[in-house]
Every structure is written in structure tokens, then in C-alpha cells.
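Have the viewer open and follow the topics in turn.

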Amino acid sequence: MKINSKENDKFIGTPWNSEPNDDFNSQAYWNDYYDKILLDEKLKELEWAIIVNIENLKKALESLDELPAGDSKRFLYAGCGISQVPYILSLWGFAVNAIDSSEAAIDIVSNLELRKRDLALSIYVLDPNEKRTTITNDPKISINELKKYQSTNGTLKFLVMDWFSDKLRPKSFDFVYCRNALRCSTKPYWRKSLKRFNELLKPGGTLILETLNAIGIQDEVRALFKEYKFVKPKLDESRNKTNKYIIDDWPTG
């Protein structure tokens, strides 16, 4: 018998430098967040929010042999913020729906004027001098890496909504990508979101989760993956199955 108690709905661990809280996923929280950003800084100085390292996402898609995207694979970016990542995914051939509950965020990101040189700033490559993954000083290398997966099939829509919206139809996405949008969420909100992501994914679809500085709750979240029937992908098997797959990464920085 499953015990559903208040204690079972609390994380034992905590994300770094914070506590899970109910406000983190509220529309008011993020509206205030972006309003303060725009008051404090000029948009052209917001590279830290716009130019996002996509190395983990790129590796995940490469490991699944999904680059460039074929057959207009449908991609939901859940909580896109103001990063340029949706533009890169569209360039690589995905049919991208980039959603955020903040109207201010969608207004900013949908009006960015980006060249390939701008998008390439999110591509991290191995610097032979440093022997580690870092941004290269030679932009040609990053641009070539970006263009390697370029496709003409991509589309991009920016939408003001959260992932619980009825406008998002069940079993309609090949990929759901969530980067940091759940980092300080409570356990009940994690449960609700993982259930929703499972509903939105097609059979054999993949949830790619990237959660910065939240390794204190990593093991507990991985237990929730099992609860909501997410499994690690096995690349030697057909992905035309009823299983939903999970690729998760918990970087620190």
C-alpha cells in the first residue's frame, strides 16, 4: 500500500544555496524576476542569461543520434527563459515550441536578432591548449560545429504558457527539455511536472533534464523518474516503444 503523507512530499536534501519553495514556479515570481533584470541591466548586457552553454544538451542529442533532427521531430522547451537555445534547436531541424509563463521573457526572447556567430557562442568545444571543454577563442571552430547539424526542417514558436496548459496536447512531443525550471521546486511540484512531461511525450519520447546546482535532491528526483515510468534509453534497442526515456544531468557552477 502506498503511503501518501506530508513527510513523503518533502525533499530530505536541498538544492545548493536555497530551499525548495512554492513561489519558485509561480507566474508572479518570474514576472518580477524579468522585470528586475530589465530595470537593473540593459538587454545587450544580459549575455549570462542569453548565451547558455548547451554542451550537455548537444551531447544528449548526439548520443541518441538525433542531430540533425529528422522528420521535423517535435521539441518542447519547457521554461525557455530568454536564452538563445530555441534558435539553435530550430537551426538543427527541430520543430520547437519554446514556452515560458512570463510574458516579459517571451517578449524578450522572441525579439532577439541573432546571427550564426551569436548562436555559436553557446557551442563549447575542446580547446587543445587547455585540454578541457571551454569556449574557444577562435569563433570559426564554434560556428563550424553549429553548422555541422544545420537543417532546413526546423520551425520555432514562442508561447506564453506553462507546461500544464490545455493547449499542449498529450503525446505530441518527441522531446521535452527542462533546464533549471524545476531547480528550487517542491517535491509535489516535481511530481506534478514529471507526470505532465510523461503525458506530453510520444511513446518512446525523451525527457532531457538539466538542473544546475541541485545535486542535494538528485537521488530523490531519480526515484521519482521510476515512479513516473521514465527509464534510461538503451541505444541498441528500438525506440518505438511505450516507454518514456530520461537523460538527466546535474552540473554545478
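**Salt bridges and their surroundings**

Arg 191 counts as buried, because its relative accessibility is 10%. Keep in mind that this is a predicted model.

**Arg 191 and Asp 9**

- The side chain of Arg 191 meets that of Asp 9 in a salt bridge, with 3.1 Å from N to O.
- Arg 191 belongs to helix H8 and Asp 9 to the segment before helix H1 (27-40), so this pair ties together parts that lie 182 residues apart in sequence.
- Asp 9 has a relative accessibility of 23%, so it counts as partly exposed.

**Glu 145 and Lys 58**

- Glu 145 and Lys 58 form a salt bridge whose closest N and O atoms are 2.9 Å apart.
- Because Glu 145 sits in helix H7 (residues 139-148) and Lys 58 in helix H3 (residues 55-63), the pair ties together parts 87 residues apart in sequence.
- Both Glu 145 and Lys 58 are buried.

- Asp 248 pairs with Lys 232 in a salt bridge, and their closest N and O atoms are 2.6 Å apart.
- Asp 248 is in strand S9 and Lys 232 in the loop between S8 and S9, so the parts tied together here are 16 residues apart in sequence.
- With 9% relative accessibility, Asp 248 counts as buried.
- Elsewhere, salt bridges that share partners link Lys 58, Glu 62, Glu 145 and Lys 148 into one network.

- Gln 218, Glu 220, Val 221, Leu 224 and Phe 225 are buried in helix H9 (residues 218-227).
- These residues cover an arc of only 165 degrees around the axis, which means that they are on the same side of H9.
- Asp 219 and Lys 226, on the other side of H9, are exposed.
- The packing partners of the buried H9 residues are helix H8 (187-200), strand S7 (201-210), strand S8 (230-231) and strand S9 (244-249).
- Following H9 comes Lys 229, which has a positive phi near 65 degrees.

**Asn 111 in its loop**

- You will find Asn 111 in the loop between helix H5 (103-109) and helix H6 (116-119).
- Asn 111 counts as exposed, because its relative accessibility is 51%.
- A polar atom of the Asn 111 side chain lies 2.6 Å from the backbone oxygen of Asp 107.
- Asn 111 and Ile 82 are 29 residues apart along the chain, and their C-alpha atoms are separated by 9.9 Å.

Note on methods. Residues numbered from 1 in each chain as written. Predicted model: local features only at pLDDT ≥ 70, side-chain atom pairs only at ≥ 80, totals over all residues. Heavy atoms only, no water. Helix = DSSP H or I, 4+ residues; strand = E, 2+ residues; numbered from the N terminus. Buried < 20%, exposed > 50% of the residue type's maximum accessible area, 1.4 Å probe, protein only. Polar contact = N/O pair within 3.5 Å; in protein donor to acceptor, adjacent residues only side chain to side chain. Arc of directions from axis to C-beta. Contact = heavy atoms within 4.5 Å. Salt bridge = Lys/Arg side-chain N within 4 Å of Asp/Glu carboxyl O.
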